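Student: I should like to learn how to read features of a structural model. May we work through an example together?

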Amino acid sequence: MKAIYEPGRELCIDESMVLWRGRLIFRQYIKNKRHKYGIKLYVLTEPNGLVINFAVYAGVNDFDLGGVGHSKTVVLHLMQDRLDLGHAVYMDNYYNSFDLSKELLDRKTYTTGTLRAKCKNTPSEVVETKLAHGEVTCYCADGVAIGKWHDKSDVSFISTEHVLDMEECKNKRGETTMKPTAIVEYKYMKGVDRQDQMLAYYPVTRKTTRWYKKLGIHTIEMMVVNSYMMFKSHSGLQRLSLYDYRLCVVERLLPPDYVSSNRGMRVDIQPTPGMHFASRMPAAPSGRTLRKRCCLCLRKGKRKDTIFYCTKYPGQPGLCLGACFVQFHSVT
C-alpha cells in the first residue's frame, strides 16, 4: 500500500478481531466486537474501509507495542510513514489524550475524537462543569481543544482541528439541532467497521490448529477487499459487486484449460453435442422436490438419494453431484 496508493486526508484508527478461541498466550477479549475472542489487530484505514496499515498485538510482552503508554505507541507506530503530511486522524477514547494530540500536532497531523473524562491532563473545568441539554464547554491550550457537550448524556471530545465550531444537524425526525463540529466530523471513524463488514460477506476461514494460518488468510482477504475498492475507484465499473469481483480474480488466477468440478464455480465452458450435464429433478405438483437413488452408490451397497440426474444417459440415472457423477461417466 505504501508503494501503490496515496490515501486521502482523513484516516481513522481502531481495533479489529480475528476469531480464535483456541489456546494462545496473547488472545484478547473485546465484548463489543462480533468476534469477542481472538487476535487483536490495530488497523489504520480510510473512512471507506481501505486498509493502509495494521499491526498485530502480541500482548503485554510485545516489544514494539506493549508496555507503558501502549495506546500512544500504537498510534505513532501505525502513522510513522504518514506524519508531517497534514492528515486528520480520527480515534476513539481508547487512544486519545492531550499528550498524543500535542505531539501529533507538532508533526502537522490533526486529531479528533472522543476522550475519557478521567484521562491525564484533562482540565478540571471541563470535567466538573454541569451542562444542560445542548450546551457545550471547551478549554484550549497549545492548539489542543478539549470540550464537553451534553446530549442525552455528557460527551467529552478532543480536537486539534475544530476548536468550538458549531453546526446545524437534522436528526431522523427532521429536527434541527446544534452540534460541535468535532462531534459531527466523528462520522469518519467508521473505516474499520466498514472493513469488517466487507470481510464478513464471504468468509473463507475454517477451523485450524494453527493460529497463524487463520491470520494469514485474514491478511489475504484484506488485500482482496483493498484491491476491490481501488478497482472500483479507477476502472469506472461502480456497479460491479464484490461477489463478481472475487469470481473474476479466481478465474484469472486459474490456468486457461482448467475445468473445475466444484459446485458453484463459474467456468466458461462451450457445450458440445456429446457433453453430459447434471440436471436438477423437477418439483412434484404438490411442490415437494423429487429425488432419485444414486446408481453408483447402489453399486457400492449404499442407499443414497439425490436431486440430480444425467439427461443424456439412457434411463436418466440419478447421480450424486461431484465425485459420483464424474466417476460414473469415466467408467461407463
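Student: Which residues does aspartate 92 touch, not counting residues up to four places away in sequence?

Tutor: Contact means heavy atoms within 4.5 Å. This is a predicted model, in which local features need pLDDT of at least 70, side-chain atom pairs count only at pLDDT 80 or more, and totals for chains, interfaces and linings use all residues. Residues are numbered from 1 along each chain as its sequence is written, and side-chain values use heavy atoms, with hydrogens and water left out. Beyond those sequence neighbours, aspartate 92 touches Asp14, Glu15, Thr114, Tyr186 and Met189.

Student: Is aspartate 92 buried or exposed?

Tutor: Buried means under 20% relative accessible area, exposed over 50%, and partly exposed in between (1.4 Å probe, protein chains only). Aspartate 92 counts as buried because its relative accessibility is 16%.

Student: Where does aspartate 92 lie?

Tutor: Helices (H or I, at least four residues) and strands (E, at least two) are DSSP runs, numbered from the N terminus. Aspartate 92 belongs to the loop between strand S5 (88-91) and helix H2 (98-106).

Student: What is the mean pLDDT of the chain?

Tutor: pLDDT is the predictor's confidence in each residue, from 0 to 100. Its mean over the chain is 84, and 93% of the residues reach 70 or more. Over residues 259-272, however, the pLDDT is below 50, although this stretch has 14 contacts in the model beyond near neighbours in sequence. Where pLDDT is low, the predicted coordinates should not be read in detail.
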